[in-house]
Amino acid sequence: MTFDEALEDYLQWMTIEKGRSRATLEAYRRDLVALGHWMEDKKLTLGRLHEENLEGYFNALRSTRQASTVARSVASVRGFLSYLLDEGELKLDRALD
């Protein structure tokens, strides 16, 4: 599954199963699209994403974003990765340690 496919599945799940508002979904999409672009730049796939990578990503965000924006991004990414783990799309829990 590609990152974009996983993102669409996750957002659909958030809509149907969790009943999240459109504003929440748009914020999650922005946060996760930003992660996807960063992963592309770093030549990373979901299967190769590890805690060290995420730490670097969030440190980069901290240098350019407000704390509340970073906190929301962390929550968005954690939710996304947890969903992928639950769905069996990610095999290792390393990103959430």
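Predicted model: local features only at pLDDT ≥ 70, side-chain atom pairs only at ≥ 80, totals over all residues.
Helix H1 covers residues 3-16. Its 14 residues reach 20 Å from the first C-alpha to the last, close to the 20 Å expected at 1.5 Å a residue. Six named positions in H1 are buried: Phe3, Ala6, Leu7, Tyr10, Leu11 and Met14. Seen down the axis of H1, the buried residues fall within an arc of 130°, so they line one face of the helix. An α-helix has 3.6 residues a turn, so residues three or four places apart point the same way. The buried residues of H1 pack against H2 and helix H4. Asp4 and Ile16 are exposed, on the face of H1 turned away from its buried side.

Glu8 also lies in H1. The side chains of Glu8 and Arg29 are joined by a polar contact of 2.7 Å. In sequence, Glu8 and Arg29 are 21 residues apart. In space, their C-alpha atoms are 8.9 Å apart.

Helix H2 spans residues 22-41. The end C-alpha atoms of H2 are 28 Å apart, which agrees with the 28 Å that its 20 residues should span at 1.5 Å a residue. The buried residues of H2 are Leu25, Ala27, Tyr28, Asp31, Leu32, Leu35, Gly36, Trp38 and Met39. They pack against H1, H3 and H4.

Lys43 follows H2. Its phi is near 60°, a positive value in a residue other than glycine. Lys43 lies in the loop between H2 and H3. With a relative accessible area of 65%, Lys43 is exposed. Gly47 lies in the loop between H2 and H3 as well. Gly47 counts as exposed, at 63% relative accessibility.

Helix H3 covers residues 51-62. Asn53 is one of its residues. The side chain of Asn53 reaches the backbone nitrogen of His50 at 2.7 Å. Leaving aside residues up to four places away in sequence, Asn53 touches Trp38, Leu44 and Arg48. Trp38 is among the buried residues of H2.

Arg65 sits in the loop between H3 and H4. Arg65 is partly exposed, with a relative accessible area of 46%. Gly47 and Arg65 are 18 residues apart in sequence, and their C-alpha atoms are 27 Å apart in space. Arg65 and Thr15 are 50 residues apart in sequence. From C-alpha to C-alpha, Arg65 and Thr15 are 27 Å apart in space.

Helix H4 covers residues 67-86. It has 20 residues and reaches 28 Å from its first C-alpha to its last, close to the 28 Å expected at 1.5 Å a residue. In H4, the buried residues are Val70, Ser73, Ser76, Val77, Phe80, Leu81, Tyr83 and Leu84. They cover an arc of only 155° around the axis, which puts them on the same side of H4. These buried residues pack against H1, H2 and H3. The face of H4 turned away from its buried side carries the exposed residues Ala67, Ser68 and Asp86. Gly88 follows H4, with a positive phi near 80°.

The largest pocket holds about 200 Å³ of space. It is lined by 13 residues. The closest to its centre are Phe3, Asp4, Gly36, His37 and Glu40. H1 and H2 are the elements that give two or more residues to the lining. H2 contributes five residues, the largest share. Phe3 is one of the buried residues of H1, whereas Asp4 is exposed, on the face of H1 turned away from its buried side. Gly36 is among the buried residues of H2.

How values were computed
Residues numbered from 1 in each chain as written. Heavy atoms only, no water. Helix = DSSP H or I, 4+ residues; strand = E, 2+ residues; numbered from the N terminus. Buried < 20%, exposed > 50% of the residue type's maximum accessible area, 1.4 Å probe, protein only. Polar contact = N/O pair within 3.5 Å; in protein donor to acceptor, adjacent residues only side chain to side chain. Contact = heavy atoms within 4.5 Å. Expected span 1.5 Å × (residues − 1). Arc of directions from axis to C-beta. 1 Å grid on protein atoms, 1.4 Å probe; cavity = no way out; pocket = protein on both sides within 12 Å on 5 of 7 lines; lining within 4 Å. Points joined across faces, edges and corners; volume = space filled by probe spheres on them.
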